[in-house]
Amino acid sequence: MSDSELVNRAIEQLSKCPTFPKIGAVISKDGALLSTGFRGEMSGKHAERVAIEKLSASQLQGATIYTTLEPCTAIHQGQREKSCCELIAESGISTVCIGALDPNGKIYAKGMNYLRNKGLTVDLFSPSFREKIEISTFKFDDFSAAIGNGKRRVRSMKNGKKFTVQFAEGDDRKVVFRLASLSMPLDQIDLIAENDSVLLAPGIDSFSDILDPMLYQDPSHFARLAAEEIAIIAEQESTMALLVKILEISPTDIYIQWEVRNIPRNRKSCGNS
């Protein structure tokens, strides 16, 4: 089988996943397909582990694994099982072909670099295949996009992390913002959006306490936020507001929660009949 055929087989495995994130993997040697795996095929096991555990040590020696998402690294000390990167590096596999980098800040680029440092050859899927993966792996099409209310960990990046939230399925209203990490120690981040669209909600720790997002004053293009603080993004003339709360900040990632709000053009308030 050609590289492109094996990549397609890995993407086919991805499509079999019952839940998000969807990840597929295949292992080959000398062009022959040896095994396949997908996340959810075996309870609690990642796609790479599923495919590896179907083969003997001699079959794995010198083989190539194609995986749609960057293999995981050790997240914390003392975890029960080896990471997929450790498993691959110790298996005898010599080449790893990766579809896309994992957006999780604890893994992003670390899996790829770990494998290279262990002496394995690391290749990448072509951009056209990568695009297929990025619109299929997570619940919402893009690693940096979401629809409706939610939570997500986004990686800390020195040049900032762009994020887009759409109001709802079938409602194309969107808010675009960027999270920019500050210098260490990392205890605050800047939330940046369009000019005069960012409002700070001081002393508020729950979205439910914000009855009218437009009540708050002094709009700016950014808000400097610590953990547990909330900012509001509402562009001029827009009927959508986005409430963003910083849940946690670490050297590798930022954990955020958001809620979309509709802004009626004629808001009812006390004194209005």
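Select the open sheet of 5 strands, which run in the order 7-15-14-13-11 with antiparallel pairing. Strands here are DSSP runs of E with at least two residues, helices are runs of H or I with at least four, and both are numbered from the N terminus. Two strands count as paired if DSSP finds at least two bridges between them. Strand 7 (150–155) and strand 11 (198–200) are the edges; each has a single partner strand, so one side of each has no neighbour in the sheet. From one strand to the next, the twist averages 30 degrees (axes are lines fitted to C-alpha atoms, with angles from 0 to 180 degrees between N-to-C directions).

This is a predicted model, in which local features need pLDDT of at least 70 and side-chain atom pairs count only at pLDDT 80 or more, while totals for chains, interfaces and linings use all residues. Residues are numbered from 1 along each chain as its sequence is written, and side-chain values use heavy atoms, leaving out hydrogens and water.

Next, select residues 230–233 and 240–249. These are strand 13 and strand 14, paired in the antiparallel sense over 4 bridges. Which residue in strand 14 is the bridge partner of Ala-231? It is Val-244.

Now zoom out to the protein chain, which has 6 helices and 15 strands. Its C-alpha trace spans about 80 × 40 × 30 Å along the principal axes. Colour by accessibility: 46% of the 273 residues count as buried (under 20% relative accessible area, 1.4 Å probe, protein chains only). Finally, among contacts (heavy atoms within 4.5 Å) with a separation of 6 or more, 56% come from residues 24 or more positions apart.

Definitions and conventions
Buried means under 20% relative accessible area, exposed over 50%, partly exposed in between (1.4 Å probe, protein chains only).
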